[in-house]
Amino acid sequence: MTQKGYIIYLMAMAGLGGLLYGIDVGAIASALPYIKALSYFSEAKLSTVVGAVLFGSVIGSLPAGVFAEWLGRKKAILIGSIVFLASIPMIVFSDGNYGVMVAGRFVQGASAGLLGVVIPMYLAECLPPESRGKGTGLFQLFLTTGLVFMALVGVGVTKFFGPADSETISAATKVAAWKTVFWLSAIPGVIFLFGIFGLKESPTWLKKVADKKAGIVEKKEDSAAPVAKDSLFSRKYVYPFCLAVIVLACTQATGINSVLNYSVDIFNKSGLPGIVANYADTAIKIVNLVMTILAVSLVDRKGRTFLLKMGTLGIIVGLTGVGASFFCIEHNICAASQITGWATAISFMIFIGFFASGPGVCVWLALSELMPARIRANGMAIALLINQGVSTTIASVFYPWVNAVGYAWVFFTLALCTVVYFITAAFFMPETKGRTLEEIERYFSTGKMD
């Protein structure tokens with residue numbers, strides 16, 4: 001295989017890892033209406049079932065840096081794929097057992113946490129600077145493809161088995177419907193698992209291993225004291241680490257992963273009945289995919305900060321629009337109908353479209369580009385841990401939060417959080433397009449980009 005051919009293969013396989021991440025997030029949106037209709041669990045327990053995958057992602061991101069440093073990037077990715085496949089039968093064979101279903105969702109999330117740290121790191125270390133933005137953006141592109149895939153699965157399952165809110169279909173049929181959603185999600189996982197074996201190890205990790213071995217030899221030959229390392233609390237480490245943490249936390253504070261899990265139910269509440277809500281869910285995920293393709297084509301030309309500023313402004317508009325629709329419904333200004341339902345769906349499309357064209361692609365670049373080499377593996381793991389912690393919190397308390405303040409104020413609050421995101425992108429983020437990882441690292445030491 002030629003070098004160019006291998007880079008294409010690398011991008012495709014790493015992108016499939018993003019597909020699994022998207023499936024982790026998107027599967028429950030298609031299955032949730034059936035699970036809810038079967039009255040397995042209370043709304044509080046349903047929130048936990050939804051949030052378990054995100055909590056699992058938090059825990060999965062914790063050892064990701066350790067695995068990536070100890071075993072190498074390729075083996076860490078392989079572990080993530082195996083964990084994903086192991087989660088599917090756990091969920092399917094839970095048969096409404098709350099503990100088993102939560103455990104299965106947790107394991108599924110753990111795979112996402114691991115892959116979400118290691119794959120962007122792997123791509124950043126393997127791709128040349130001029131294509132790093134586009135290559136890392138493919139992770140998000142395939143992630144959105146995973147969301148579309150699961151939304152189409154949801155439409156297909158609804159057409160085949162019938163709508164979850166229909167009184168004419170039996171409980172057994174509803175059980176078969178939600179289980180089918182999860183079985184179909186395993187297909188890309190199998191393809192990804194076998195494809196990993198064709199990948200090469202990261203040259204950065206191989207160099208670290210070689211340097212470590214050389215250092216051991218030098219220590220035997222020379223008893224001189226080792227050279228002191230820079231303090232981890234110096235500006236060159238603290239500033240980029242804090243910046244990456246803020247960007248990743250604010251990305252989830254938009255509600256993107258959390259709210260997408262409830263999208264079909266939200267559209268039902270806003271006035272879209274049955275399969276129409278599934279159609280709207282599919283539409284927003286297609287918008288997500290199309291805008292991600294646009295962002296991938298622009299990220300190495302327009303730069304990261306431009307896309308982040310444009311994207312966060314659009315998110316604020318979209319979330320405010322969703323909040324306004326529910327404000328009218330909840331304050332009896334108008335009744336929930338297909339008009340309010342589609343107004344909500346259109347606002348969702350604005351939210352999702354601008355998220356995809358900015359933060360959706362740039363967040364993975366922020367995670368991999370901003371971290372200096374010395375702290376990259378563990379720093380990325382901690383940043384993603386905080387990212388998924390915010391996501392888990394929102395998803396796990398979503399229904400109780402809505403019951404307490406209403407949908408309108410939930411979305412207004414998420415819009416306010418995105419204002420913080422815009423300020424960070426506009427005033428504190430350096431532009432990193434076309435820069436080597438070494439040049440970016442020097443910027444945080446000197447304050448100047450070469």
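The lining of the second largest cavity in this predicted model is made up, by class, of seven nonpolar, one polar and two charged residues. The volume of this second largest cavity is about 50 Å³, and its lining consists of R304, L308, C362, L365, A366, E369, L370, M429, P430 and T432. Two elements, α13 (304-330) and α15, each give two or more residues to the lining of the second largest cavity, and of the elements involved α15 gives the most, with four residues.

The structure as a whole holds three cavities of 30 Å³ or more. By class, the lining of the largest cavity has ten nonpolar and eight polar residues, with no charged residues, whereas the lining of the second largest cavity includes two charged residues.

The packing of helices was examined next. Two packed helices are described by the angle between their axes and by the distance between those axes. For helix α4 (residues 73-92) and helix α7 (residues 171-195), the axes come within 9 Å and cross at roughly 160°. Because angles over 145 degrees count as roughly antiparallel, α4 and α7 are described as roughly antiparallel to each other. The crossing in which α4 passes α7 is left-handed. On the side of α4, the contact is made by I77, L78, S81, I82, F84, L85, I88, P89, I91 and V92, and on the side of α7 by W178, K179, F182, W183, S185, A186, G189, V190, F192 and L193. When the residues of this contact of α4 with α7 are divided by class, 16 are nonpolar, three are polar and one is charged.

Helix α7 also packs with helix α5 (residues 98-126), at an angle of about 30° and with the axes 14 Å apart. Since angles under 35 degrees count as roughly parallel, α5 and α7 are roughly parallel to each other, and α5 passes α7 in a left-handed crossing. In this pair, M101, R105, Q108, L115 and I119 of α5 meet W178, F182 and F192 of α7, and the residues of the contact divide into six nonpolar, one polar and one charged. The residues W178, F182 and F192 of α7 are named in the contact with α4 and again in the contact with α5.

A further pair is formed by helix α11 (residues 263-270) and helix α12 (residues 274-302), whose axes come within 9 Å and cross at roughly 125°. This angle makes α11 oblique to α12, and α11 passes α12 in a right-handed crossing. The contact involves S263, V264, F267 and N268 of α11, together with G274, A277, N278, A280, D281, I284 and K285 of α12. By class, five nonpolar, four polar and two charged residues take part in the contact of α11 with α12.

Notes: Residues are numbered from 1 along each chain as its sequence is written. This is a predicted model: local features need pLDDT of at least 70, side-chain atom pairs count only at pLDDT 80 or more; totals for chains, interfaces and linings use all residues. Side-chain values use heavy atoms; hydrogens and water are left out. Axes are lines fitted to C-alpha atoms, for helices over the stretch in contact, and angles run from 0 to 180 degrees between N-to-C directions. Angles under 35 degrees count as roughly parallel, over 145 as roughly antiparallel, 65 to 115 as roughly perpendicular and the rest as oblique. A crossing is left-handed if the near helix is turned anticlockwise from the far one by less than a right angle, and right-handed if clockwise. Contact means heavy atoms within 4.5 Å. Ala, Val, Leu, Ile, Met, Phe, Trp, Tyr, Cys and Pro count as nonpolar, Asp, Glu, Lys and Arg as charged, and the others, Gly among them, as polar. On a 1 Å grid over the protein atoms alone, a cavity is a set of points where a 1.4 Å probe fits but cannot get out, and a pocket is an open set with protein on both sides within 12 Å along at least five of seven lines; lining residues have an atom within 4 Å of a point. Grid points are joined across faces, edges and corners, and a volume is the space filled by probe spheres set on the points.
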